[in-house]
Amino acid sequence: PGLPLPVVITAFADKSFTFIIKTPPATTLIKKAIKLDKGSARPHVDKVGKITRAQLEEIAKAKMEDLNASDLDAAVRIIAGSARSMGVTVEGV
């Protein structure tokens, strides 16, 4: 509850439709894991928090079906990159 969920809606000519609900964005899950309101305006200069590898693995497991990664380690590196771009210090990766 309270998390934004991306949705892919496909509308057909006969006015029927399908929709697929995706997992929440990685940045939202990172902010929730470290109890952060928003990322840094200058991510390489101002750091706003720290995240551990265990927290990254938990987020990667939740997002695994939507990520373009072959294994958990690759998924963790993708999530760690998102965290770094938000100004979060990544520990253990």
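Reply: A salt bridge is taken here as a side-chain nitrogen of Lys or Arg within 4 Å of a carboxyl oxygen of Asp or Glu. This is a predicted model, in which local features need pLDDT of at least 70, side-chain atom pairs count only at pLDDT 80 or more, and totals for chains, interfaces and linings use all residues. Residues are numbered from 1 along each chain as its sequence is written, and side-chain values use heavy atoms, with hydrogens and water left out.

By the salt-bridge rule, the count is five. One of them joins Arg53 to Glu57, with the closest N and O atoms 3.1 Å apart. These two residues lie four apart in helix α2 (residues 53–63), so about one helical turn separates them; helices (H or I, at least four residues) and strands (E, at least two) are DSSP runs, numbered from the N terminus.

Arg53 also meets Asp73 in a salt bridge, at 2.8 Å from N to O. This pair links distant parts of the chain, 20 residues apart: Arg53 belongs to helix α2 and Asp73 to helix α3 (residues 72–85). Arg53, Glu57, Asp73 and Arg77 are linked in a network of salt bridges.

As for accessibility, buried means under 20% relative accessible area, exposed over 50%, and partly exposed in between (1.4 Å probe, protein chains only). Arg53 has 25% relative accessibility and therefore counts as partly exposed. Glu57 is partly exposed because its relative accessible area is 25%, and Asp73 is partly exposed at 33%.
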